[in-house]
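Welcome! Here is a short tour of one protein chain, written for someone meeting it for the very first time. Take a moment to look it over before reading on.

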Amino acid sequence: MDVHPVAHERYKDGRNRVRVAIIDTEIDGSHPLLKEFRENGQIRCKSWIPDQPADKDEDGHGTHVAHSFLKVAPKAEIY
């Protein structure tokens with residue numbers, strides 16, 4: 001996969017990352033494929049369900065979507 005031209009133009013200088021909101025089953029920030037992105041601040045999680053942890057994905061779908069997106073736009077910020 002290659003980076004979409006619009007995304008490439010936004011962050012080719014390293015300052016303006018594309019921002020993406022994924023509204024899904026949450027994102028497991030400790031997943032081995034996403035750990036690096038979480039540690040460098042590219043993935044930010046928030047749960048909209050009271051008393052639910054923000055970075056625990058019991059279904060796995062949101063984590064898969066985040067990983068798929070980061071394969072296409074590896075410098076994006078995921079919310």
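This is a predicted model: local features need pLDDT of at least 70, side-chain atom pairs count only at pLDDT 80 or more; totals for chains, interfaces and linings use all residues.

A salt bridge is a side-chain nitrogen of Lys or Arg within 4 Å of a carboxyl oxygen of Asp or Glu.

**The overall layout**

The protein chain holds 3 helices and 2 strands, arranged along the sequence in the pattern α-β-α-α-β. Of its 79 residues, 29% count as buried. Among the contacts with a separation of 6 or more, 72% are between residues 24 or more positions apart. The accessible surface is about 5600 Å², and 52% of that belongs to carbon and sulfur atoms.

**Salt bridges**

The count of salt bridges comes to 4.

| Pair | Distance, N to O |
|---|---|
| Arginine 19 and glutamate 77 | 3.1 Å |
| Lysine 35 and glutamate 39 | 3.8 Å |

Arginine 19 sits in strand 1 and glutamate 77 in strand 2, so their pairing ties together parts that are 58 residues apart in sequence. Arginine 19 counts as exposed at 61% relative accessibility, whereas glutamate 77 is buried at 12%. Lysine 35 and glutamate 39 are 4 residues apart in helix 2, about one helical turn. Lysine 35 is partly exposed at 44%, and glutamate 39 is exposed at 59%. In the remaining pair of the table, glutamate 58 is exposed, with a relative accessible area of 69%, while lysine 56 is partly exposed at 46%. Salt bridges that share partners also join Arg19, Arg44 and Glu77 into one network.

**A buried glutamate**

**Helix 3**

Gly62 and Thr63 lead us on to helix 3, where they are among the buried residues, along with Ala66, His67 and Leu70. These residues cover an arc of only 135 degrees around the axis, which puts them on the same side of helix 3. Their cover includes helix 2 and strand 2. Helix 3 itself spans residues 61–72 and reaches 17 Å from its first C-alpha to its last, close to the 16 Å expected.

Key
Residues are numbered from 1 along each chain as its sequence is written. Side-chain values use heavy atoms; hydrogens and water are left out. The expected span of a helix is 1.5 Å times one less than its number of residues. Buried means under 20% relative accessible area, exposed over 50%, partly exposed in between (1.4 Å probe, protein chains only). The arc is that of the directions from the helix axis to the C-beta atoms. Contact means heavy atoms within 4.5 Å. Accessible areas come from the Shrake-Rupley method with a 1.4 Å probe; for residues, only the protein chains shown count as cover.
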